[in-house]
Amino acid sequence: LLSWLQESALATWVAESDRFYGYSGILTLHTLGLAVVVGASAVLDLRVLGVAHRMPLASLRHVSRPMWIGFALNATTGAILFAAAAVIKGTQWIFYAKLGLIASALLVDGRLRRRLFGDRAEADGPGPSPAKRLAVLSLVLWTGAIVAGRLMAYME
Amino acid sequence: VVSLAHSFAAWLAATPVSQAFGASAPWAWPLAEIVHFVGLALLVGSAGAFDLRLLGLFRQVPVSAVRDFTRVAVIGFGMNVASGLYFVIAQVWQYVDNPAWWAKVGFLAVAGLNIALFETVLSGRIAALQPGADTPRSLKIAGALSLVAWCGVLCSGRMIAFVRPN
């Protein structure tokens, strides 16, 4: 299946094109999307942890919009980049670790937003609140996803 | 300029620091890349939030409150200056003839000039803004220019690996 994917017309073209809109351009878009997804998520996480506390938390209610735009971009470009080197990437454990970290980060972000903005949103008391723990977890998981993604270039 | 850059590169490559960086452990370069990528996400996310506010989005939030987030951008930028200097010092010949790297330097200069102009001339106009009011055109231009410049820095930076001249 992996080699069939890699030999498809699109994958072959992407892998072999040296145009700027070939592999390098798609990888560049993937990096831009990473900045939007992780950056937007980090803004909410850091605000929950007390950075820029003058900013009303409610104003970050729609932070999920840029996140989903960036995520859609990266799911698309990521799928194309995967197809272009499916045989190598599909057998790398670090690739599956990256997918797992992204899925966990999205779940944690969803829980955090429901806790902050959902119908049953709870006001946090003093001390390390559940929202703060979710925010730390989100930062750790997204950082882990970046680490795993970067290491894909170095692992066999 | 090219010959000046070349003599600087030759001098830099001969320094003990450059040779030590060039001979560093195999994990040093990937680690610096990871720092560079985490830093860029912090920079683009927090600077981008402020830029969007300058463009007139989420007007009910005071600009000064969103501006507090630019501290995070400064931290991200610091991470990228540190890791970026490591790259250049360790492998200066990978960059000095690379058009993508020069494009990145150009975009960085635009972003820097924009920040300097904002801090000296424009930031005073923030205090006069009423809550919910649209931002004046000058602030919109600064916000848009910042977004374009940082996207340019990121994209040309990513392309460095693909436009190696030989």
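Author: Start with a definition. Buried means under 20% relative accessible area, exposed means over 50%, and partly exposed lies in between. B:Arg67 has 24% relative accessibility, so B:Arg67 counts as partly exposed. Keep in mind that this is a predicted model.

Reader: What makes the contact of B:Glu119 and B:Arg67 a salt bridge?

Author: The cut-off is 4 Å between a side-chain nitrogen of Lys or Arg and a carboxyl oxygen of Asp or Glu. The side chains of B:Glu119 and B:Arg67 meet at 2.9 Å, N to O. That is within 4 Å, so the pair is a salt bridge. B:Glu119 lies in helix H6 (residues 99-122) of chain B and B:Arg67 in helix H4 of chain B, so the pair ties together parts that are 52 residues apart in sequence.

Reader: Is B:Glu119 buried, exposed or partly exposed, and why?

Author: B:Glu119 has 43% relative accessibility, so it counts as partly exposed.

Reader: Which chains does the salt bridge of A:Arg54 and B:Asp68 join, and how do you know?

Author: First the distance. The closest N and O atoms of A:Arg54 and B:Asp68 are 3.0 Å apart. The limit is 4 Å, so the term salt bridge applies. Now the location. A:Arg54 is in the loop between H3 and H4 of chain A, and B:Asp68 is in the loop between helix H4 (63-67) and helix H5 (70-90) of chain B, so the pair joins two chains.

Reader: Why is B:Asp68 called buried, and why is A:Arg54 called partly exposed?

Author: B:Asp68 has a relative accessible area of 11%. Buried means under 20%, so B:Asp68 is buried. A:Arg54 has 48% relative accessibility. That value falls between 20% and 50%, so A:Arg54 is partly exposed.

Reader: Which residues form a network of salt bridges?

Author: A:Arg54, B:Asp68 and B:Arg71 are linked in one.

Reader: What makes B:Asp134 and B:Lys140 a salt bridge?

Author: Their closest N and O atoms are 2.7 Å apart. This falls within the 4 Å limit, so the label holds. B:Asp134 has 38% relative accessibility and counts as partly exposed. B:Lys140, at 24%, counts as partly exposed too.

Reader: How many salt bridges are there over all chains?

Author: The count comes to six.

Reader: Let us turn to the nonpolar core. What qualifies a residue for it?

Author: The largest nonpolar core has 50 residues, of which A:Leu44, A:Leu112, A:Trp142 and B:Phe118 touch the most other members. H3, helix H6 (93-117) and helix H7 (130-151) of chain A each supply at least two residues of this core, as do H3, H4, H6 and H8 of chain B. H3(A) gives the most, with 11 residues.

Reader: What does B:Phe118 contact beyond its neighbours within four places in sequence?

Author: B:Phe118 is in contact with B:Phe50, B:Leu54, B:Arg67, B:Ser123, B:Ile126, B:Leu139 and B:Ala142. A second, separate core has 18 residues, including B:Phe87, B:Val88, B:Ala100 and B:Ile160.

Reader: What lines the second largest pocket, and how are its residues classed?

Author: The lining has 28 residues, and among those nearest the centre are A:Pro66 and B:Phe58. By class, 20 are nonpolar, six polar and two charged. H3(B) gives the most to the lining, with seven residues. The volume of the pocket is about 730 Å³.

Reader: What makes the phi of B:Phe58 worth noting?

Author: Most residues other than glycine have a negative phi. B:Phe58 has a positive phi of about 30° although it is not a glycine. B:Phe58 is found in the loop between H3 and H4 of chain B. Its relative accessible area is 26%, so B:Phe58 is partly exposed.

Reader: Where is A:Ala52, and is it buried or exposed?

Author: A:Ala52 sits in the loop between H3 and H4 of chain A. Its phi is near 50°, a positive value in a residue other than glycine. The relative accessible area of A:Ala52 is 4%. That is under 20%, so A:Ala52 is buried.

Terms used:
Residues numbered from 1 in each chain as written. Chains lettered and ligands numbered in written order. Predicted model: local features only at pLDDT ≥ 70, side-chain atom pairs only at ≥ 80, totals over all residues. Heavy atoms only, no water. 1 Å grid on protein atoms, 1.4 Å probe; cavity = no way out; pocket = protein on both sides within 12 Å on 5 of 7 lines; lining within 4 Å. Points joined across faces, edges and corners; volume = space filled by probe spheres on them. Helix = DSSP H or I, 4+ residues; strand = E, 2+ residues; numbered from the N terminus. Nonpolar A, V, L, I, M, F, W, Y, C, P; charged D, E, K, R; others polar. Buried < 20%, exposed > 50% of the residue type's maximum accessible area, 1.4 Å probe, protein only. Core = buried A, V, L, I, M, F, W, Y, C linked by side-chain atoms within 4.5 Å. Contact = heavy atoms within 4.5 Å.
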